[in-house]
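This report describes a ligand site and several local features of a protein model. The sequence and the coordinates are shown below, and the description follows them.

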Amino acid sequence: MEFTGQCVLVTGGTRGIGRAVAKAFANEGASVAFTYRSSTDEAEALRHELTACGVQAKAFQSDAADFASAEAVVAGVVDAWGRIDVLINNAGITRDGLILRMGEADWDAVLATNLKSVFNFSKAVYRPMMVRRRGRIINVSSVVGLMGNAGQANYAASKAGIIGFSKSLAKELGRRGITVNVVAPGYVLTDMTEVLHHTVQKAMLAQIPLRRAAKPEEIAGPILFLASSAAEYITGQVLRIDGGLAM
Ligand code: NAD
């Protein structure tokens, strides 16, 4: 129960990696707040699952791309629990297409949801973390942000942007006792990758030394580690969780 007494905020928590992260922290005794964009029923179901672990849980409807909404979520958590120990910026979308066909709206939506959201929530948690002189910010990038990928220029730009942002923030906030790290998952079995054509899925698997995709729980574990006391002296790092794909 490493996280008993700690408060964790996860963006985009109702499914996939975010859901696995929320459950992993609840299993370790943390109070867990999570955001969701529109799926109220799923959010309510997750909230019940989390409280069944014997912890407090809160769901906030919030578009991660909206700055004011991020501030309201963080204020809501701090009002209720008085603190935020760990922020996981997980919310993300894809709008894939070759640059020839990629519209401005596809670019703007992906950059706003994946990258601006990380600015929004990091800025909002900075003060409550600074007051306590302790905090952990963990941002979910992707190996695509390191390697690039044809048909994902917008997504790759957003995920690479997260890395530059996080390293800068690590340098700014280290003296305040706040660490900022990035995880870069490879191919994870979630709704985001289920829609890919099976030939694309097969081609990805062929490039992964471990020859399989990750389960969301296998991303949650390393995130838990980065938030734990074992990772006290780690900041500004990018941890690839990809079965060896991007070594
Ligand atoms: P997913 O589509 O299952 O989950 C994404 C979550 O983000 C959903 O709960 C969704 O509602 C939420 N979300 C989307 N837009 C939002 C918004 N504007 N405001 C609030 N919430 C919003 O996908 P996932 O695979 O679980 O993705 C989680 C994160 O992991 C994303 O940042 C994604 O880019 C990243 N990632 C995924 C993979 C993969 O293979 N699945 C690989 C690398 C990185």
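**Ligand site**

The ligand is surrounded by 27 residues, the closest being Arg15, Asn90, Tyr155, Val188 and Thr190; a residue belongs to this shell if one of its heavy atoms lies within 4 Å of the ligand. The model is a predicted one, in which local features need pLDDT of at least 70 and side-chain atom pairs count only at pLDDT 80 or more, while totals for chains, interfaces and linings use all residues. Residues are numbered from 1 along each chain as its sequence is written, and side-chain values use heavy atoms, with hydrogens and water left out.

Helix 1 (16–27), helix 6 (153–173) and helix 7 (191–194) each contribute at least two residues to the shell around the ligand. Helix 7 gives the most, with 3 residues. Helices (H or I, at least four residues) and strands (E, at least two) are DSSP runs, numbered from the N terminus.

| Residue (backbone atom) | Ligand atom | Distance |
|---|---|---|
| Ala64 | nitrogen | 2.8 Å |
| Asn90 | oxygen | 2.7 Å |
| Gly186 | oxygen | 3.3 Å |

Taken alone, the ligand exposes 820 Å², of which the protein buries 97%. Accessible areas come from the Shrake-Rupley method with a 1.4 Å probe; for residues, only the protein chains shown count as cover.

Asn89 lies in strand 4 (residues 86–89), and Asn139 lies in strand 5 (residues 135–140). Asn89 counts as buried because its relative accessibility is 3%, and Asn139 counts as buried because its value is 0%. Buried means under 20% relative accessible area, exposed over 50%, and partly exposed in between (1.4 Å probe, protein chains only).

The side chains of Asn89 and Asn139 make a polar contact of 2.8 Å. The side chain of Asn139 is also joined to that of Ser166, by a polar contact of 2.9 Å. Contact in the wider sense means heavy atoms within 4.5 Å. With neighbours within four places in sequence left aside, the contacts of Asn89 include Thr11, Phe121, Ile137 and Asn139. Asn89 and Gly18 are 71 residues apart in sequence, and their C-alpha atoms are 8.9 Å apart in space.

Ser141 is located in the loop between strand 5 and helix 5 (143–147). With a relative accessible area of 2%, Ser141 is buried. The side chain of Ser141 reaches the backbone oxygen of Lys159 at 2.9 Å. Beyond four places in sequence, the residues in contact with Ser141 include Lys159, Ile162, Val183 and Pro185.

**Helix 4 and the residue that follows**

Does the span of helix 4 (residues 104–132) agree or disagree with its number of residues? At 1.5 Å a residue, its 29 residues should span 42 Å, and the end C-alpha atoms are 41 Å apart, which agrees. The expected span is 1.5 Å times one less than the number of residues.

Just after helix 4, Arg133 takes a positive phi of about 55°. Arg133 is in the loop between helix 4 and strand 5, and its relative accessibility of 49% makes it partly exposed.

**The loop between helix 8 and helix 9**

Arg211 also has a positive phi, of about 60°, although it is not a glycine. Arg211 lies in the loop between helix 8 (198–207) and helix 9 (216–227). Is Arg211 buried or exposed? With a relative accessible area of 54%, Arg211 is exposed.

Ile208 lies in the loop between helix 8 and helix 9 as well, but Ile208 is buried, with a relative accessible area of 1%. Not counting residues up to four places away in sequence, Ile208 touches Tyr187, Asp242, Gly243 and Leu245. The C-alpha atoms of Ile208 and Ala246 are separated by 8.4 Å, with the two residues 38 residues apart along the chain.

How values were computed: Polar contact = N/O pair within 3.5 Å; in protein donor to acceptor, adjacent residues only side chain to side chain.
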